[in-house]
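Here are a few quick notes on how the pieces pack together. Have the model open while you read.

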Amino acid sequence: MNAIVSATELLAELAGPQPPLLLDVRWQLTPPGGRGATPTGRVDYERGHLPGAVFVDLEAELAGPPGDAGRHPLPDLEVFGTAMRRAGVRAQRAVVVYDGGAGPSGGWAAARAWWLLRWAGHPSVRVLDGGLAAWTAADGPTETAIPSPAAGDFTPRPGGLPLLDADGAAGLARRGLLLDARAGDRYRGEVEPIDPVAGHIPGAVSAPTSENVTEDGRLRPAAELAERFAALGATEAAEVGVYCGSGVSGAHQALALAVAGVPAALYVGSWSEWSGDASRPVATGAEPG
């Protein structure tokens, strides 16, 4: 199953006999007004969304409370399962997730929802390539009505996608390929705007998520992604893992790798967990270290 769907493809599917369920996961890493300000995802959703789409809150429903396990750890399975059933998610109905699609964090939240649902065992989840921006560019309709879907039956059963913890990420960086999805200056340790320590996991290779997308926020074609990742050593034959700042943009990297045909494990705690433990080693500079 393809991990993404274009706006024109989705328009056709929604007009068909078995339309997918739509989840709106709009979110921003730093809301307008700075950290601690009110997130705008729900507000934007109420101003207009894809017909029938249900809003899902990344901070409250796709992540647990921040702490020692990172800024966006895995959610409690009961909380996640309840949220998905409230949204109408059913085990045998296809799901399409989307976010705003534009801007520096476009696609990240939708990828996080895609990864969580696939990891939790849902068999058919795709991301709307380019998000809401691509949808409106394709003349897709929007509405402001808030739907009340029938309760779903989805029960999370973890294990559908590979998951790394801190020790697993460290080991993979030594024996395989661990990709760091953050911006290059954060990888090199030149800046660190969020977490307590600058740098990267020793042995990790820099692979900024921003290089996976075109200027309009869509993923690059599968062949281009495969070429990019192959140049970094990520092929079907390699053991590949991904991390980022807090497990959100890393999910987007895992999505891009899936489109390229390369399975990858995600270290959800990512740098926010790693750097929170002073006993863990840190590398800086342009080389893996």
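1. Start where H9 meets H10: Ala222, Leu225, Arg228 and Phe229 of H9 touch Gln253, Ala256, Leu257 and Val259 of H10 (contact means heavy atoms within 4.5 Å; helices, H or I of at least four residues, and strands, E of at least two, are DSSP runs numbered from the N terminus). By type, that contact has 6 nonpolar residues, 1 polar and 1 charged (Ala, Val, Leu, Ile, Met, Phe, Trp, Tyr, Cys and Pro count as nonpolar, Asp, Glu, Lys and Arg as charged, and the others, Gly among them, as polar).

2. A caveat: this is a predicted model, where local features need pLDDT of at least 70, side-chain atom pairs count only at pLDDT 80 or more, and totals for chains, interfaces and linings use all residues. Residues are numbered from 1 along each chain as its sequence is written, and side-chain values use heavy atoms, with hydrogens and water left out.

3. The axes of H9 (residues 222–232) and H10 (residues 249–259) cross at roughly 110 degrees and come within 8 Å (axes are lines fitted to C-alpha atoms, for helices over the stretch in contact, with angles from 0 to 180 degrees between N-to-C directions). So H9 is roughly perpendicular to H10 (65 to 115 degrees).

4. H5 meets H10 too: their axes come within 7 Å and cross at roughly 70 degrees. Trp108, Trp114 and Trp115 are among the H5 residues there, with His252 and Leu255 among those of H10.

5. H5 (residues 108–119) also lies across strands S2, S4 and S5, at about 175 degrees to S5. The open sheet runs S1-S5-S4-S2-S3, with parallel pairing (at least two DSSP bridges between two strands).

Technical notes:
Parallel < 35°, antiparallel > 145°, perpendicular 65-115°, else oblique.
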